[in-house]
Amino acid sequence: KLVKAYIRPMVLEDVNTELRNNGHSSMTAFEGEGPADILIRGKKHGSLSFPAMHTHIVKLEIAAESEDIESTIKTIQLISISIELPSTDFFYFYTFY
């Protein structure tokens with residue numbers, strides 16, 4: 001199965017280390033930014049023109065056995081919320097079969 005997780009860049013090293021310590025070695029990471037909203041004639045539209053202070057993200061893709069999915073997600077959540085950041089609830093998970 002494939003787990004996709006979106007996390008903040010400053011927790012990547014800790015998440016990567018903990019996952020590897022737990023035997024999860026099939027992982028890739030991509031750097032990105034969340035899409036911005038621009039205002040045109042009073043309506044919001046999606047844009048790839050990012051403001052300077054826009055949120056940077058890391059997208060992780062982790063291949064895991066079915067029985068390891070829950071522990072993989074819990075590891076990412078625990079590491080991500082253990083670091084004191086504003087709005088630490090910034091992670092999303094998708095599991096593909």
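Visitor: Why are Lys74 and Glu70 separated by about one helical turn?

Guide: Because they sit four residues apart in helix H2. Helices here are DSSP runs of H or I with at least four residues, strands are runs of E with at least two, and both are numbered from the N terminus. This is a predicted model, where local features need pLDDT of at least 70 and side-chain atom pairs pLDDT 80 or more, while totals for chains, interfaces and linings use all residues. Residues count from 1 along each chain as its sequence is written, and side-chain values use heavy atoms, without hydrogens or water.

Visitor: What makes Lys74 and Glu70 a salt bridge?

Guide: Their N to O distance is 3.9 Å, and the rule asks for a side-chain nitrogen of Lys or Arg within 4 Å of a carboxyl oxygen of Asp or Glu. So the pair qualifies.

Visitor: How do you know whether Glu70 is buried or exposed?

Guide: Glu70 has 54% relative accessibility, so it counts as exposed. Buried means under 20% relative accessible area, exposed over 50%, and partly exposed in between, using a 1.4 Å probe and protein chains only. Lys74, at 45%, therefore counts as partly exposed.

Visitor: Which residues do salt bridges that share partners join into one network?

Guide: Lys4, Lys59 and Glu61. Glu61 meets Lys4 at 3.5 Å, N to O, and it meets Lys59 at 3.2 Å. The Glu61 and Lys4 pair links distant parts of the chain, from strand S5 to strand S1, 57 residues apart.

Visitor: Why is Glu61 called buried?

Guide: Because its relative accessibility is 18%. Lys4 is buried too, at 17%, whereas Lys59, at 22%, is partly exposed.

Visitor: What makes Lys59 count as lying over the face of Phe30?

Guide: Lys59 is 5.7 Å from the ring centre. The rule wants NZ of Lys or CZ of Arg within 6 Å of that centre and within 35 degrees of the ring normal, and Lys59 is listed as lying over the face of Phe30.

Visitor: How do you know that Leu60 is buried?

Guide: Its relative accessibility is 0%, so it counts as buried. Leu60 lies in strand S5. Leaving aside neighbours within four places in sequence, its contacts (heavy atoms within 4.5 Å) include Val15, Met27 and Ile76.

Visitor: Which residues are buried in H1, and what puts them on the same side?

Guide: Val15, Asn16 and Leu19 are buried in H1. They cover an arc of only 100° around the axis, taken from the directions to the C-beta atoms, so they share the same side of H1.
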